[in-house]
Amino acid sequence: MSTSYLRAILAVTWKDLTAELRSRELLSAMLVFSVLVLLIFYFALELDVQTRSEITAGALWVTFAFAGTLGLNRSMAIEKDRGCLDGLLLVPVDRSAIYFGKALSNLAFMLAVEAIVLPLYSIMYNVNLFYPGLLGVTLLGSVGYTAVGTLLSAMSVQTRTRDVLLPILLFPVIIPVFVAAVKASGGFLNGAEWSEIIPWVNILLVYDVIFIAVAFMVFDFVIEE
Amino acid sequence: MSPQPRLLHVLNILSALLLAAGTLMVFWYAPVERVMGAVQKLFYFHVATAWVGMIGFIIAAVVAILYLVTKDLKWDAINVAAVEISLVFFFIAIVLGSIWARPAWGTWWTWEPRLTTAAILEMIYLAYLLLRQGIEDPERRARFGAVYTIFGGLSVPLTFVSIRLFRTIHPVIIGAGGSEKMNMTGDMVVTMLFNIAVFSVIFITLFWHRIRLGQFAEQVERRKLQLTH
């Protein structure tokens with residue numbers, strides 16, 4: 001990998017982060033939405049002490065998945081609406097650099113939301129979430145989620161139904177991430193044996209590697225004009 | 001528009017005859033299962049339709065790669081045909097399985113790995129069709145369809161593995177054992193294999209028809225464009 005390729009990736013990411021730092025429209029929407037989901041969970045599931053220990057991992061991942069689609073949609077829609085994508089396509093670098101740049105910035109937004117939601121959940125429901133393992137699983141799950149989500153959002157913004165389509169495309173194919181992340185997080189929260197958690201971590205790793213590789217290979221087909 | 005080739009005519013008739021023969025075999029040749037009774041007869045159709053769904057799924061994934069490599073729209077027509085047929089046959093398999101499960105397991109639905117994976121696969125197919133519906137340009141529609149088919153084709157095996165793991169850690173009593181424990185006699189196996197063969201022929205016939213339909217739709221689309229320009 002040449003340095004110019006790396007620099008192209010970072011330039012795309014940097015552009016997104018700077019734009020976000022100035023407008024704050026994406027992160028604020030994701031955050032407010034996440035907090036609302038957490039509140040709704042409280043009323044919908046009556047999160048008393050006993051239920052909490054069992055469904056914390058699930059509630060968190062549902063929140064991340066839903067908030068994630070908001071961010072993915074918005075981040076790609078900005079490129080499409082203002083014609084930025086056409087500009088990016090003119091740049092003489094390998095187009096997969098655009099994919100990795102977008103995926104990195106999407107990952108950054110997702111992690112930023114998680115970095116606020118996790119402590120918030122911790123305070124609101126009085127659960128300790130600060131296990132290194134849990135944080136690691138959150139990272140692995142988010143990587144898989146954004147790797148697939150970035151590619152699918154690049155497709156969905158180019159269709160007539162746009163934002164409606166992304167969750168429909170994304171959710172059925174990220175089920176392995178979802179199952180594995182929930183089980184692994186739950187394992188860390190309930191102090192399960194490492195041997196019980198490791199298969200889930202393996203699934204996350206395998207999924208991340210496969211889908212990053214495939215997205216890298218097919219991204220050209222998605223933005224070809 | 002070309003008329004149906006002779007071989008396709010033969011296949012039409014053959015499919016109907018074989019379906020009748022397969023059905024007769026299920027009802028008259030195969031013995032009634034001792035424990036489950038008559039409802040077990042659904043199993044022959046269940047296995048056969050699931051088999052057809054599986055073939056469609058594999059063909060769709062292979063053809064998607066071929067499309068992206070060659071950019072020939074004929075692969076796209078085959079891709080849609082495979083997905084649509086697979087969608088319908090998996091649906092039939094799920095419904096039949098459900099009807100069978102009610103008396104056998106005492107519930108319409110269990111979160112059994114194969115059942116759950118089949119249901120998720122149906123959702124992927126529906127998403128695929130919605131995706132195609134939202135795109136007008138046939139070339140882009142084909143590209144996106146192929147990419148999404150590849151994503152589906154890769155995620156489904158992982159989904160299956162993760163759900164299976166999910167279940168071994170949290171065993172569900174209902175349905176434990178189930179069809180694997182079913183002891184089949186020789187004539188049951190023959191009936192099952194015969195029906196799998198029957199449905200394979202039906203698959204080929206439908207597949208051919210659906211591909212032709214795709215080609216006609218493409219011709220119509222092209223002529224419409226010629227008229228408007």
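**View 1. Helix H8 of chain A is largely enclosed by the rest of the structure, because 15 of its 15 residues are buried.** A residue counts as buried if 20 or more other C-beta atoms, placed from the backbone, lie within 10 Å of its own. Helices here are DSSP runs (H or I, at least four residues), numbered from the N terminus. H8(A) covers residues 175-189, and its end C-alpha atoms are 21 Å apart, which agrees with the 21 Å that its 15 residues should span at 1.5 Å a residue; the expected span is 1.5 Å times one less than the number of residues. Gly191(A) follows H8(A) and has a positive phi, near 65°.

This is a predicted model, in which local features need pLDDT of at least 70 and side-chain atom pairs count only at pLDDT 80 or more, while totals for chains, interfaces and linings use all residues. Residues are numbered from 1 along each chain as its sequence is written, and chains are lettered from A and ligands numbered from 1 in the order in which they are written.

**View 2. Helices H6 and H7 of chain A cross at roughly 145°.** The axes of H6(A) (residues 132-156) and H7(A) (residues 165-173) come within 9 Å; axes are lines fitted to C-alpha atoms over the stretch in contact, with angles from 0 to 180 degrees between N-to-C directions. H6(A) contributes Val148(A), Gly149(A), Leu152(A), Ser153(A) and Ser156(A), and H7(A) contributes Leu165(A), Leu166(A), Leu169(A), Leu170(A) and Val173(A). Contact means C-beta atoms, placed from the backbone, within 7 Å.

**View 3. Chain B meets chain A through 26 residues of chain B and 25 residues of chain A.** On the side of chain B, helix H4 (113-133) and helix H5 (138-169) are the elements that give two or more residues. H5(B) supplies the largest share, 17 residues.

**View 4. Phe151(B) lies in helix H5 of chain B.** Phe151(B) is buried, with 28 other C-beta atoms within 10 Å. Not counting residues up to four places away in sequence, Phe151(B) touches Val148(A) and Val173(A). Its C-alpha atom is 26 Å from that of Ser200(B), a residue 49 places apart from Phe151(B) in sequence.

**View 5. Residues 171-180 of chain B have pLDDT under 50.** pLDDT is the predictor's confidence in each residue, from 0 to 100. The model has 12 contacts beyond four places in sequence for this stretch. Where pLDDT is low, the predicted coordinates should not be read in detail. Chain B has a mean pLDDT of 86, with 92% of its residues at 70 or more. The model scores ipTM 0.92 and pTM 0.90.

How values were computed: Contact = placed C-beta atoms within 7 Å. Buried ≥ 20, exposed ≤ 12 C-beta atoms within 10 Å, placed from the backbone.
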